[in-house]
Amino acid sequence: MSPAPDPLLFDKVVNLCKRRGFVFPSAEIYGGFRSTYDYGPVGVLLLRNVKEEWWRSMVQLRHDIVGLDAAILSPPSIWEASGHLQNFTDPLVDCRSCRERFRLDKLDDPNECPNCHAKGSFTDARHFNLMFKTYAGPVEGKGAEVYLRPETAQGMFVNFKNVLETSRKRPPFGIAQIGKSFRNEITTGNFVFRTREFEQMEMEYFVPPDEAGKWYEYWRNERLQWYVDLGIPKDLLRLRAHDEEELSHYSAATSDVEFLFPWGWDELEGIANRTDYDLRQHAEASGESLDYFDQALGERYVPYVIEPAAGATRTAMAFLMAAYDEEEVAREGQGQGEGRTVLRFHHRIAPYKVAVLPLSRKPELQEPANEVLGMLQPHYMCDYDETQAIGRRYRRQDELGTPYCVTIDFDTLDDRAVTVRDRDSMAQDRVPIDALLDHLGPKLS
Ligand code: GAP
């Protein structure tokens, strides 16, 4: 059985994110800007690690998937062909009483305004297109319109032929991409869960049509396992298949990887069988043939596409929520009890892997501290902190989720050894400086 979601966890994580430099409200000195967020010195490391782990598992460790980085600005013809101009809409209603706007399909009660509680005050639903439109070049108006992509996927479909011709890949093969997407969401919220600017990690896997079912199952399982392998407890994750009426306009079947957020189960990633819809649409609209001739079988076909589509920013938030822990511990070095907050990130996700902490700012400790830092930095992302009492510095690193702290003290000057402190057990080992890389290597590999 899954644990009950903890409603207090949300505020705790959001506060920690601000306090420790993970995530700041965007344009905060101007009062913030419509649910946009900036990733601070620690958050940017977390986000990079999430993306790096996805890339490693999808591209680096496979021979059948190649990468791509396509343009964000795109002509209307792409979105006309993909169906987004017609179909990428949400039902928008206005409350006649308080003038607030809502997404009809997200209302608990479609007859009661959640803001002013007026009943029957909504206008008829209008189809609101979620794509951001802008203009390319100095002249605004018809002919100069371009769109900010609402998904990275189309960049991979329109490059299908280029990749096929240059990469020597043959179905089944995939194209993977990480990048920003933009949606003019009617209602944003839940911190970085739903924003208008976000990052996606998507992969389009092109397969013979009769193998689509097999690969859909394969990617459902692979993608669920990726989160488990990176430390999210199994009971906080589940796969949920979409009902018929939930399916996007291009999908024959979709399953979501869901995470138990503080407000309940919600989507982290969708795995969809997009059939041959996109390639056929683009072939028809562009006049380019986007089929594949299988020489061994003597057959020509338009590949089907299985698409695992994840949100990098949303996934980073799930890693934060899953890692958050509070416990009562003895004050290190003093025996008194105190509470500590610790982010128990998997070490591959942790923003910093090691913190180098000279016990005092005395100049004689700086030389060995710099030596240790210089030795570790080529291998690991390190923090360096020489302010405050050592206990408080350990607490700070716990809140950043740093797996190991290396403390340089006055004994170091005699024995050329340092103290390595483990984030989770708080156990401390004395390790010679010359053996430090060998000591940390197996733990952080
Ligand atoms: N190409 C298919 C596609 O874009 P999607 O389910 O709309 O599918 C994929 O998006 C993932 O992108 C979602 O599972 C979610 O993690 C992320 N995502 C979508 N909209 C988002 C938003 N407004 N804010 C943050 N992440 C979002």
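## Before we start

Since this is a predicted model, local features need pLDDT of at least 70 and side-chain atom pairs count only at pLDDT 80 or more, while totals for chains, interfaces and linings use all residues. Residues are numbered from 1 along each chain as its sequence is written, and side-chain values use heavy atoms, leaving out hydrogens and water.

Helices (H or I, at least four residues) and strands (E, at least two) are DSSP runs, numbered from the N terminus.

## Helix α9 and its partners

Let's begin with helix α1 (residues 7-19) and helix α9 (residues 312-323), which pack at an angle of about 110 degrees with their axes 10 Å apart. Axes here are lines fitted to C-alpha atoms, for helices over the stretch in contact, and angles run from 0 to 180 degrees between N-to-C directions. α1 and α9 are therefore roughly perpendicular to each other; the naming scheme is under 35 degrees for roughly parallel, over 145 for roughly antiparallel, 65 to 115 for roughly perpendicular, and oblique for the rest. Which residues meet? On α1 they are L9, F10, V13 and C17, and on α9 they are M317, L320 and M321, where contact means heavy atoms within 4.5 Å. By class, this contact of α1 with α9 has seven nonpolar, no polar and no charged residues. Ala, Val, Leu, Ile, Met, Phe, Trp, Tyr, Cys and Pro count as nonpolar, Asp, Glu, Lys and Arg as charged, and the others, Gly among them, as polar.

Helix α9 also packs with α2, at an angle of about 110 degrees and with axes 9 Å apart. This pair, α2 and α9, is therefore roughly perpendicular too. L46, L47, V50 and K51 of α2 touch A312, T313, T315, A316, F319 and L320 of α9. The contact of α2 with α9 divides into seven nonpolar, two polar and one charged residues.

## Helix α2 against α7

Helix α2 (residues 43-60) packs with helix α7 (residues 212-229) at an angle of about 140 degrees, their axes 12 Å apart. That angle makes α2 oblique to α7. The α2 side of the contact has V50, E53, W54, S57 and M58, while α7 brings W219, R223 and W226. Sorted by class, the residues of the contact of α2 with α7 are five nonpolar, one polar and two charged.

## Around the ligand

How many residues surround the ligand? There are 21, and the closest are E151, E185, T195, E202 and E267; a residue counts as near if one of its heavy atoms lies within 4 Å.

For E202, a polar side-chain atom lies 2.4 Å from a nitrogen atom of the ligand. In the side chain of R183, an N or O atom is 2.8 Å from an oxygen atom of the ligand. F193 takes part through its backbone, with a polar atom 3.4 Å from a ligand nitrogen atom.

Most residues other than glycine have a negative phi, and most peptide bonds are trans. P171 and P172, however, are joined by a cis peptide bond, with omega about 0 degrees. You can find P172 in the loop between α6 (160-167) and β10 (173-182).

H117 is not a glycine, yet has a positive phi of about 65 degrees. Look for H117 in the loop between β6 (101-103) and β7 (126-129). T275, also a residue other than glycine, has a positive phi near 50 degrees, and T275 belongs to strand β14 (residues 264-275).

Methods. A polar contact is a pair of N or O atoms within 3.5 Å; within protein, one must be able to donate a hydrogen and the other to accept it, and residues adjacent in sequence count only if both atoms are side-chain atoms.
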